[in-house]
Amino acid sequence: MRVQLILGEALSGLRRNASMVISVVLVTFVSLTFVGAAILMQMQISTMKDFWAERAQVAVYMCTSISTGATCADGEATQEQVDAVSEALVSPALQPLIRETRFENRDEAYAATIEQLGQEYADVITPDQVNQTFYVNLVDQSQSAVIVEAFSGMQGVEQVQDQLQYLEPLFQALTVATYIAVGIAGLMLVAAVLLIATTIRLSAYARRRELGIMRLVGASNRFIQTPFILEGVLAALLGSGLASVAIWAGITFGVDGYLRERVTFITTWVGDAGELWIVIPVIIALGVVLAALSAGFAIRRWLRA
């Protein structure tokens, strides 16, 4: 009977303050959607970093006949210089860092260049103008600076490039977008907390006579406070549910239905490993906890007043 009475009081409060409750639901919905999107975006960045770190290479470009760098003063890299790089890659100092090495000779590099640019460039570019290249896959891509330092300035080496560096601007842009989403979500959560507290105070004021009678007959503070806390929790729960549906729709239709087919250089997306079922319980729990704390604080202050 006590449970039914408390639930009845909570539902009655929701009906009396329908407009405020709708505002709470909408603000909670928007704020938790941003929270979920930020979490999923950070998961996507982490997934992309792991994927590309596994596949990114350090490329050691040997000098060509048209190279102009100080290490290419003698023109095209000689076989001795190519062998020196090859021997350095298998040396005891570097070998533990390297998972795999692939050498692309002049003819292979020329064929790949013509295939990429088109056959019409075959009469413009000659094989001696294309870099012979060592492609190095590392055990730990964070150690790429060691390879770059080892071969930069070496005679016969035109340039050493860490391919993962080209993706850093993309990762940084996505991280900034995540921070923006978190900032907006934080502001919206503050608004939701304040709105819940205001709604609870208004609800308590509307039922001040009933509360006075309950106090006179000896009702405990917990019994008086619980319906108001439930009002906030139920409103936040509705908003959390809407946010969960929005996040699910974003993954299903936005990622799986649109991005996956059009952004082909990314092969691993959030949702593949069940991230959605981690995020949804998190945002629901966050909404319920914040609502309960806000409502509890508001009604306790009102009763003391």
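Which strand does Glu104 lie in? The legends below start from this residue.

**Figure 1. Glu104 in strand β2.** Glu104 lies in strand β2. Strands here are DSSP runs of E of at least two residues, helices are runs of H or I of at least four residues, and both are numbered from the N terminus. Glu104 is buried, at a relative accessible area of 14%. Buried means under 20% relative accessible area, exposed means over 50%, and partly exposed is in between (1.4 Å probe, protein chains only). Leaving aside neighbours within four places in sequence, Glu104 is in contact with Ala109, Ala112, Gln132, Thr133 and Tyr135. Contact means heavy atoms within 4.5 Å.

The model is predicted: local features need pLDDT of at least 70, side-chain atom pairs count only at pLDDT 80 or more, and totals for chains, interfaces and linings use all residues. Residues are numbered from 1 along each chain as its sequence is written, and side-chain values use heavy atoms, with hydrogens and water left out.

**Figure 2. The protein chain as a whole.** The secondary structure comes to nine helices and four strands. From the N terminus on, the elements run α-α-β-α-β-α-β-α-β-α-α-α-α. The chain has 305 residues, and 39% of them are buried. Take the contacts in the chain with a separation of 6 or more: residues 24 or more positions apart account for 84% of them.

**Figure 3. Asn137 in strand β3.** Strand β3 covers residues 133-138, and Asn137 lies in it. Is Asn137 buried or exposed? Asn137 counts as buried, at 9% relative accessibility.

**Figure 4. The disulfide of Cys63 and Cys72.** A disulfide is a pair of cysteine sulfur atoms within 2.5 Å. By this rule the count comes to one disulfide. Cys63 and Cys72 form it, with sulfur atoms 1.9 Å apart. The link is left-handed, with -75 degrees about the S-S bond. Cys63 is buried, with a relative accessible area of 2%. Cys72 is buried too, with a relative accessible area of 4%.

**Figure 5. Aromatic pairs.** A search of the whole structure finds two aromatic pairs. Rings of Phe, Tyr and Trp (its six-membered ring) pair if their centres lie within 6.5 Å; planes under 30 degrees apart count as stacked, over 60 as edge-to-face and the rest as tilted. Phe103 and Phe134 form a tilted pair, 4.5 Å centre to centre, with 40 degrees between the planes. Phe103 lies in strand β2 (residues 98-104) and Phe134 in strand β3, so the pair ties together parts that are 31 residues apart in sequence. Phe103 counts as partly exposed, at 31% relative accessibility, whereas Phe134 counts as buried, at 4%. Trp248 and Phe253 form an edge-to-face pair, 5.9 Å centre to centre, with 85 degrees between the planes. Trp248 is partly exposed, with a relative accessible area of 39%. Phe253 is exposed, with a relative accessible area of 55%.

**Figure 6. Leu286 in helix α9.** Helix α9 covers residues 276-304, and Leu286 lies in it. Leu286 counts as partly exposed, at 29% relative accessibility. Which residues does Leu286 touch, not counting residues up to four places away in sequence? Leu286 touches Leu32, Val35 and Leu189. Leu286 and Leu189 are 97 residues apart along the chain, and their C-alpha atoms are separated by 9.9 Å.

**Figure 7. Gly183 in helix α6.** Gly183 lies in helix α6. Gly183 is partly exposed, with a relative accessible area of 34%. Gly183 and Val35 are 148 residues apart in sequence. In space, Gly183 and Val35 are 9.2 Å apart, C-alpha to C-alpha.
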